[in-house]
Every structure is written in structure tokens, then in C-alpha cells.
Amino acid sequence: MRKKDKLLRITGGVAIAFGLLTVVSGGTTLLGALEMGAVVLFVLWFNTLAGLAYVVAGLGLWQGRRWAYPLSLAIFAATLLVFAAFGLHVAQGGAFEMRTVFAMTVNRHAKLTHLGGL
């Protein structure tokens, strides 16, 4: 296996795992199984749906599909937009949890690292 193919598989596997964890975490919160305090609903919905996109992008990377990189880039751009909207929500005095700031930061860094590996 070529080094680039191996890197794509590792990156794809990490994206799939991250996506599945994101879907489970977001889904259980949306279904009310977890009490998370001051949830910012649009961020929660975005992250949950983005988790599904991570899985699709990860599968594409794993299989070496051409569309995986543009999808990953689109997810990253959408994440930045939601992070900016979240910042506006906070600046306007909206309720939030510090763990949301942490989660969005980790999410952004994970996607940036993912893109850097391609």
C-alpha cells in the first residue's frame, strides 16, 4: 500500500470515528437522554448533522473517492460559519455552555487536521 493511500485510510477512519461519536452525542442530547444545560440548538443540530457528513467524507477518503476532499472542505467552511454565528449568539448575550466553545474549537481543529492530511 502506498504511503498516500495509507494516510487516506487513516484520515478516513478517524473521520468516520469522529463522525459516529458526534452523531451519538448530538443524537442523545436531541432526544433528551442527556441534560446538557444551556444548549444552543442550532449548534447542536449542525454538529449532529455534520457528524453524518463526516462519516460520508470518511468513507469517501477510505475508498479514495475524488469527491471526499471537496466535501471535507465544505464541512470545514460550514463549521466556520456556524462557529461565527455561535460567536454572534454569545456576543448578543445568548445563553451557552463553555463546553460548546470547547466542542466547536475541537471540531474546527479536527477538520483542519483532516484537511491537512489530504
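Rings of Phe, Tyr and Trp (its six-membered ring) pair if their centres lie within 6.5 Å; planes under 30 degrees apart count as stacked, over 60 as edge-to-face and the rest as tilted. By this rule, there are two aromatic pairs to visit.

Before you click, note that this is a predicted model, where local features need pLDDT of at least 70 and side-chain atom pairs count only at pLDDT 80 or more, while totals for chains, interfaces and linings use all residues. Residues are numbered from 1 along each chain as its sequence is written, and side-chain values use heavy atoms, leaving out hydrogens and water.

**Stop 1: the first pair.** Select Phe18 and Tyr54, a tilted pair with 5.3 Å centre to centre and 45 degrees between the planes. Phe18 sits in helix 1 (residues 3-30) and Tyr54 in helix 2, 36 residues apart. Helices here are DSSP runs (H or I, at least four residues), numbered from the N terminus. Is Tyr54 buried or exposed? Tyr54 is buried, at 1% relative accessible area, and Phe18 is partly exposed, at 26%. Buried means under 20%, exposed over 50% and partly exposed in between (1.4 Å probe, protein chains only).

**Stop 2: the second pair.** Phe86 lies in helix 3 and Phe96 in the loop between helix 3 and helix 4, so the pair ties together parts ten residues apart in sequence. Phe86 is buried at 3%, whereas Phe96 is partly exposed at 29%.

**Stop 3: a neighbourhood.** Finally, select Phe46, which touches Ala78, Thr79 and Val82, not counting residues up to four places away in sequence. Contact means heavy atoms within 4.5 Å.

Conventions:
Helix = DSSP H or I, 4+ residues; strand = E, 2+ residues; numbered from the N terminus.
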